[in-house]
Amino acid sequence: VDNGAIWETITEIINKPTPDNEYIKTHIEIIDKKTHGLLKGGVSLWSGLRASAKSTILSQVALQAVNDGHSVLFYSGELTDKRFARWLIQQAAGKQYVVPREKEGSIFYIVPDDIRKSIAKWIDKRLYVYNNSYGSNYELLTNQIEEQTKKIKPDIIFLDNLMTVDTASVDPNEYRAQTILMKRITELAKQYNVHIGLVAHPRKTINFLRLVDVSGSANISNLVDNAFIVHRVNHDFKKGYLDEFCKPGTKEEDVPVFHGTNVIEIAKDREEGIQDEFIPLWYEIESRRMLNEKTE
């Protein structure tokens, strides 16, 4: 392959053909407006405390991608394939196509069998879920991702989450192994022009969650193009946000991001330089969807 001169002039650089950037819409309106969406050939990081709705958001973005005609690969290291499929189908069905059920005083929602089968048929051949019974060994998983990528040419791949990938055989040092994994992920994204979104849990912190709190190697956040932190709007989040971003004496009711049930923070955007952008969302229990507006 002729890569051109080793040392290039500026004229040579600007005369190189530059393909247009391709983005996959998240349908989270402010993310798509501010960052244009998820860049093909790029990598995004998604972090947040437990129960902040990281997986909920990623499966919803995956469904939106399918609805836009894209193909998706999804590795869910913490959920069985059955449970993942059940949650995904409930999101796809929406509020109007679920039925309430009661168990031990709690209300939950199911999708009727005919609707469930229709949704599955619609998703088939567009979204593929990794079978966890094959394990999470680094070599096996990344090789299988590459093989399936060659086969179906997906537009987006989700890895939920990085900490479930077994990298012990790569390097006994956890941080070095994670760096090797991150480099492999970024190479796959560029080589196959696919966006890869990965989840990484934060380390335990008593402070307001920031990007530096992501557990593991610093190269996890260094190598990605975008980083998003998902927050649940609870007492700890409100206190941390007021202390970090508001003037003393600010009342909770005067802070727009507190009006949602959850918040996505754009913590890093390499293309536009955006950070500290907080986006309120509303969780709809019947559909497990995150809404841009309460009445969406």
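Asn161 is placed in the loop that runs between strand β8 (156–160) and helix α7 (174–191); helices (H or I, at least four residues) and strands (E, at least two) are DSSP runs, numbered from the N terminus. The peptide bond that joins Asp160 to Asn161 is cis, with omega at about 10°. The model is predicted, so local features need pLDDT of at least 70 and side-chain atom pairs count only at pLDDT 80 or more, while totals for chains, interfaces and linings use all residues. Residues are numbered from 1 along each chain as its sequence is written, and side-chain values use heavy atoms, with hydrogens and water left out.

Two residues other than glycine have a positive phi. For His27 the angle is about 65°, and the residue lies in the loop between β1 (23–24) and α2 (29–35). His27 is partly exposed, with a relative accessible area of 32%; buried means under 20% relative accessible area, exposed over 50%, and partly exposed in between (1.4 Å probe, protein chains only). For Lys125 phi is near 70°. Lys125 belongs to the loop between α5 (113–123) and β7 (127–129) and is exposed, at 67% relative accessibility.

Salt bridges were counted next. Side chains of opposite charge can pair when their charged atoms come close. A salt bridge is a side-chain nitrogen of Lys or Arg within 4 Å of a carboxyl oxygen of Asp or Glu, and by this rule there are 13 salt bridges. One of them joins Glu146 and Arg184, at 2.9 Å from N to O. This pair links distant parts of the chain, with Glu146 in helix α6 (residues 138–152) and Arg184 in helix α7, 38 residues apart. Glu146 is buried at 14% relative accessibility, and Arg184 is buried at 17%.

Helix α6 also holds Lys150 and Glu147, three residues apart and therefore separated by about one helical turn. Their salt bridge has its closest N and O atoms 3.9 Å apart. Lys150 is partly exposed at 43% relative accessibility, as is Glu147 at 46%. In a further salt bridge, Arg176 meets Asp171 at 3.1 Å, N to O; Arg176 is partly exposed at 47%, whereas Asp171 is buried at 16%. Asp113, Arg116 and Lys117 are linked in a network of salt bridges.

Asp269, in strand β11 (residues 262–269), is buried yet has no salt bridge, and the nearest side chain of opposite charge, Arg270, is 8.8 Å away. The side chain of Asp269 does make a polar contact with that of Asn226, at 2.5 Å. A polar contact is a pair of N or O atoms within 3.5 Å; within protein, one must be able to donate a hydrogen and the other to accept it, and residues adjacent in sequence count only if both atoms are side-chain atoms. Neighbours within four places in sequence aside, Asp269 is in contact (heavy atoms within 4.5 Å) with Thr35, Asp225, Asn226 and Ile274.

Gln90, in helix α4 (residues 81–93), is buried, with a relative accessible area of 7%. With neighbours within four places in sequence again left aside, its contacts include Val98, Tyr109 and Arg288.

Technical notes
Lys and Arg count as positive and Asp and Glu as negative; His and the chain ends are not counted.
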